[in-house]
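Biologist: Hey, I've just opened this one and I'm new to it. Can you walk me through it?

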Amino acid sequence: MYDMKSATRLTQLNERSLRRYIKRFDIKLKRGAYNSYRFSDNDIRKLVIIRTMLKENRDDSEIVKEITNIDTGAELNHEIKTEILPQNGFSNKSTEIIAVEQVVENLALTLGKGITSISESIDDIERNLSDRLEKGNNKLENITELLDVQKDELLNQRSEVNKQSLLISQQKELIEEQEKFLKMQIHQNMLLLKKMDNLETRMEETGLINRLWTSIYCFFAGEKKKYQLKV
């Protein structure tokens, strides 16, 4: 069985002409994968006959009769049998086998070249990936070393900050203690001042201050007389 591409090559017709002839002369074809056409040897013979007879301006009725003879096994028109079919390589099976073998050989050669090219491409990709991986590992090592250095610096800075924080905390406690002490002294001074004010008020009320000044004056006056008598 042949696919559409092989049929176009064997019949020397393009795909559009093949589809038109199949529909025009109602050629029953088998179907393959995805509903694609599959051509037998007899189908190829029919299409070759159609192509040849149309070039000769034969009527459709004559063409239908000839392609029907292929299905029934009847003798073909002598002219077509002796001149048309041998020219297109359908008189025996060996020609078809040779054509298929040639296609397979060409395909194998194409695949071999493709595999070689793919293999070389894969080698190039592997080398590029290896180089990139090595460069990436080197960069990663440099980044790791840099991160370790920065980590040590951050730890040192953190330790220094902790020390400064502790010192500030101690100074704050000392200031708070001094502030408490000053507040206590101020309070005591305020109490003492208040007592002195109260004492002065009481002395004024009792005339004690006047008597005190009088006593002091008398004392110094008596001392003055004693000094004059001595002289």
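Biologist: In what order do the elements of the protein chain run from the N terminus on?

Modeller: Keep in mind that this is a predicted model. Starting at the N terminus, the order is α-α-β-β-α-α-α-α-α. That gives seven helices and two strands in the protein chain.

Biologist: How many of the 231 residues count as buried, in percent?

Modeller: The buried share is 18% of the 231 residues. The protein chain exposes about 19,000 Å², and 56% of that comes from carbon and sulfur atoms.

Biologist: And what about contacts in the chain with a separation of 6 or more, what share of them comes from residues 24 or more positions apart?

Modeller: Residues 24 or more positions apart make up 50% of those contacts.

Biologist: OK, on to the helices. At what angle do α1 and α2 pack?

Modeller: About 90°, with the axes 10 Å apart. α1 covers residues 4–11 and α2 covers residues 15–24. At that angle, α1 is roughly perpendicular to α2.

Biologist: Which residues meet there?

Modeller: From α1 you have Met-4, Ala-7, Thr-8 and Thr-11, and from α2 they meet Glu-15, Leu-18 and Arg-19. Sorted by type, the residues of this contact are three nonpolar, two polar and two charged.

Biologist: How do the axes of α2 and α3 cross?

Modeller: They come within 11 Å and cross at roughly 95°. So α2 and α3 are roughly perpendicular to each other. On the α2 side the contact uses Leu-18, Tyr-21, Ile-22 and Arg-24, and on the α3 side Leu-47, Ile-50 and Leu-54.

Biologist: What kinds of residues are those?

Modeller: Six nonpolar, no polar and one charged in the contact of α2 with α3.

Biologist: Then α3 and α4. At what angle do those axes cross?

Modeller: Roughly 160°, and the axes come within 10 Å. Here α3 is residues 41–55 and α4 is residues 60–72. That crossing angle makes α3 roughly antiparallel to α4.

Biologist: Is the crossing of α3 past α4 left-handed or right-handed?

Modeller: Right-handed. α3 brings Asn-42, Arg-45, Lys-46, Ile-49, Ile-50, Met-53 and Leu-54 to the contact, while α4 brings Asp-60, Glu-62, Ile-63, Glu-66, Ile-67, Ile-70 and Asp-71. By type that is seven nonpolar, one polar and six charged.

Biologist: Let me pick one residue. Where is Asp-43?

Modeller: Asp-43 sits in helix α3.

Biologist: Is Asp-43 buried or exposed?

Modeller: Buried: its relative accessible area is 7%, and the cut-off for buried is under 20%.

Biologist: What is Asp-43 in contact with, leaving aside neighbours within four places in sequence?

Modeller: Ile-27, Lys-28, Leu-29 and Arg-38. Ile-70 is one of the α4 residues in the contact with α3.

Biologist: What about Asn-35, what is its phi near?

Modeller: Asn-35 has phi near 65°, also a positive value in a residue other than glycine. Asn-35 belongs to the loop between β1 (30–31) and β2 (37–38).

Terms used: Residues are numbered from 1 along each chain as its sequence is written. This is a predicted model: local features need pLDDT of at least 70, side-chain atom pairs count only at pLDDT 80 or more; totals for chains, interfaces and linings use all residues. Side-chain values use heavy atoms; hydrogens and water are left out. Axes are lines fitted to C-alpha atoms, for helices over the stretch in contact, and angles run from 0 to 180 degrees between N-to-C directions. Helices (H or I, at least four residues) and strands (E, at least two) are DSSP runs, numbered from the N terminus. Angles under 35 degrees count as roughly parallel, over 145 as roughly antiparallel, 65 to 115 as roughly perpendicular and the rest as oblique. A crossing is left-handed if the near helix is turned anticlockwise from the far one by less than a right angle, and right-handed if clockwise. Contact means heavy atoms within 4.5 Å. Ala, Val, Leu, Ile, Met, Phe, Trp, Tyr, Cys and Pro count as nonpolar, Asp, Glu, Lys and Arg as charged, and the others, Gly among them, as polar. Buried means under 20% relative accessible area, exposed over 50%, partly exposed in between (1.4 Å probe, protein chains only). Accessible areas come from the Shrake-Rupley method with a 1.4 Å probe; for residues, only the protein chains shown count as cover.
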